[in-house]
Amino acid sequence: MSSFDTQVLIAGGGPVGLTVALELARHGVRCILVNDQRETALHPKANAINARSMEHFRRHGISTKIRAAGLPADYPTDVTYVTRLTGFEMARLSMPTSSDAVDQAKAGSGPYDCAEPPHRCNQMYLEAILHEATVAHALIDVRFGHRLEAFGDVDGGVIATVRNLANDQVYDVCADYLVGADGGRSYVRRQLGVLYDGEGGVVRQMMGGAMLATYFRAPRDRTWLQIAPSWQYWIVSPDLRALLLSVDGGDQFVLLSRIPDGADVDTIDDVELISRAAGVPVEAEIILRQPWTAGHALLAQSFGRDRVWLAGDAAHLFTPTGGLGMNTGIDDGVNLAWKLAAAVNGWGGPNLIATYETDRRPIGERNLAFAKSFAESIGTFDVSAEVERGSAAGQTERQRLGAHLADHGWREFIIPGIVLGVRYEGSPIIWPDGTPPTSDDPYNYIPTARPGSRAPHVWLDDGSALCDHFGAGFTLLRLAMDPPVDDLLLAAHERGVPVIVFAPGSDVVRERYEADLALVGPDGHVVWRGNETPTDCGALIDRIRGA
Ligand SMILES: Cc1cc2nc3c(=O)[nH]c(=O)nc-3n(C[C@H](O)[C@H](O)[C@H](O)COP(=O)(O)OP(=O)(O)OC[C@H]3O[C@@H](n4cnc5c(N)ncnc54)[C@H](O)[C@@H]3O)c2cc1C
């Protein structure tokens, strides 16, 4: 047991830092989380929690609560492309309501082959739920209104200087590890001397360059919103490129608009902007406004070292197309947390934590490329004045643009391969089985238990999901009649590696996993599979624990 103040210090209480805290606690690890803001986000940012993040939240027993937040269960999550909110609809991507998505997932008929389909819930609501869950956990010491101001090495750990912003008192925290989940301007990353690689602030007609987010309230009526209810309304007009998002399915919205080149954001009239998007004057009450920059595809050159690691926006900065920024960060947090936990709990090998970077940096690179391609597709075309005219030429132009937007829509929003097809190819802690990889197709997720892949989902006869039976440590799935596993369990036990055994008794699982035995890691990725345990089980266990 560590003699430090805590085992892990987390800087940053956004969605990623809060997820890291919950994951660590699940592994029995104590942490202190400091966040320089006094409250969770008051301004809408991410609007899409993807299926993988929802699976992670399911593990913490909060997915149902999250599903009850955000858009109401019966609200359509369609994406529409319009000239104005009182103008022409050029394309519509129909997507299920939240409750229909759950029904589809249960019936196995939706595009996402998983226990938890994606959910449209604003980051504001998500953060509040994550915050509540962390505060309620005895192992997590949540300190909002506290800022990390310095850190350095101390024998076997880190020493950090933290300021309590309420009373201006400065104090030290010693911890075994520090996680920098402190956002795009990450102090931790800069102190490590780690730079971002890639492109920043690429300018486009939309989703590139200076942007303004205007959070407002307006009565939902047909005087200004004539397009049938949608989750996202993309305004594609000659004088305005913007995105209106329904925040609560009621009277709260956020408008993301491109600030014209050279314009001073302080002089922009938000109500005029909303009215321009509508095509008529709107009586909007502005709640908050926030300038931000789109067009980033930035990846930290390193995800950390020794005792200090980066996760979330601190490690990669996305343009929000595809909804991948926060979600990639949450998946980072899950990968990092179990490795830190293994180290502080004494069974992690000396090479384990470094595999966080070898696993996750390529995923950051992959997802950044997808997000960028969506931004290019939605943000790099001109719109002629013709598109708003009632003439035959106007209709032709709307059809032409509508065809592009319809194609773009499904490509950006129905991406099961990107979300569920994450695999840790060549990871030093995965035991490969020699089978070739499935193609990494963004739109076609091929469930596979090939080592390195996310453990495929199966509904069991009792209505539970296979993943509901995974333990906090490793889970050995026994998928055939009694293949002997004692050697493997003994090797794990001798090394202190937590393994539980689960025999689902399901032919469907056996078929899907294509092996009699499969070992699933703490993050839900398969690390090994076979029809019998290896001759040298110690070598397998040493490999998966990074020895
Ligand atoms: C308009 C918009 C729409 C988006 N839509 C999506 C989407 O649909 N899906 C998606 O996945 N992503 C989306 N994103 C991206 C998403 O918002 C971010 O990726 C996400 O917030 C990153 O989470 P994080 O926890 O890494 O960082 P942050 O949310 O930035 O949290 C970092 C926290 O650390 C705190 N902090 C900073 N420095 C210190 C310090 N020294 N000490 C203590 N605390 C500190 C900050 O105050 C902050 O609270 C969107 C972003 C924008 C701007």
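Mentor: Start with a term. A residue is buried if 20 or more other C-beta atoms lie within 10 Å of its own. Keep in mind that this model is predicted.

Trainee: Which residues of α2 are buried?
Mentor: Helix α2 covers residues 51-59. The helix is mostly covered, with seven of its nine residues buried. Those seven are A51, R52, S53, M54, E55, H56 and F57.

Trainee: What do the buried residues of α2 pack against?
Mentor: The cover on α2 is made by other helices. One of them is α3, at residues 63-68.

Trainee: Are α2 and α8 roughly parallel or oblique to each other?
Mentor: Their axes are 9 Å apart, and the packing angle is about 40°. Angles under 35 degrees would count as roughly parallel. This pair is therefore oblique.

Trainee: Is the crossing of α2 and α8 left-handed or right-handed, and which residues of α8 meet α2?
Mentor: α2 passes α8 in a left-handed crossing. From α2, the contact uses R52, S53 and H56. By class, the contact has two nonpolar, three polar and two charged residues. On the α8 side, the residues are N327, I330, D331 and V334.

Trainee: Are α1 and α8 roughly parallel or oblique to each other?
Mentor: Helix α1 spans residues 15-26, and its axis comes within 8 Å of the axis of α8. The two axes cross at roughly 30°. That angle falls under 35 degrees. The two helices are therefore roughly parallel.

Trainee: How do the residues of the contact of α1 with α8 divide by class?
Mentor: The crossing is right-handed. α1 brings P15, V16, T19, V20, E23 and L24. α8 answers with a list that includes M326, I330, V334, L336 and W338. The division is 12 nonpolar, three polar and two charged.

Trainee: Are α12 and α14 oblique or roughly parallel to each other?
Mentor: α12 covers residues 486-494, and α14 covers residues 537-544. Their axes come within 8 Å and cross at roughly 50°. The crossing is right-handed. The pair is therefore oblique.

Trainee: Which residues of α14 meet α12?
Mentor: From α12, the contact takes D487, L488, A491 and A492. By class, the contact has six nonpolar, one polar and one charged residues. From α14, it takes C537, G538, L540 and I541.

Trainee: Is V458 buried or exposed?
Mentor: V458 sits in the loop between α11 (416-420) and β19 (474-478). Around it lie 21 other C-beta atoms within 10 Å. The cut-off is 20 or more, so V458 counts as buried.

Trainee: Is M207 buried or exposed?
Mentor: Most residues other than glycine have a negative phi. M207 has a positive phi of about 55°. Its place is the loop between β9 (196-199) and β10 (209-217). With 25 C-beta neighbours inside 10 Å, M207 is buried.

Trainee: Is D306 buried or partly exposed?
Mentor: D306 is not a glycine, and its phi is positive, about 45°. The residue lies in the loop between β16 (304-305) and β17 (308-310). With 13 other C-beta atoms within 10 Å, D306 is partly exposed.

Technical notes
Residues numbered from 1 in each chain as written. Predicted model: local features only at pLDDT ≥ 70, side-chain atom pairs only at ≥ 80, totals over all residues. Axes fitted to C-alpha atoms, helices over the stretch in contact; angles between N-to-C directions. Helix = DSSP H or I, 4+ residues; strand = E, 2+ residues; numbered from the N terminus. Parallel < 35°, antiparallel > 145°, perpendicular 65-115°, else oblique. Left-handed = near helix turned anticlockwise from the far one by under 90°. Contact = placed C-beta atoms within 7 Å. Nonpolar A, V, L, I, M, F, W, Y, C, P; charged D, E, K, R; others polar. Buried ≥ 20, exposed ≤ 12 C-beta atoms within 10 Å, placed from the backbone.
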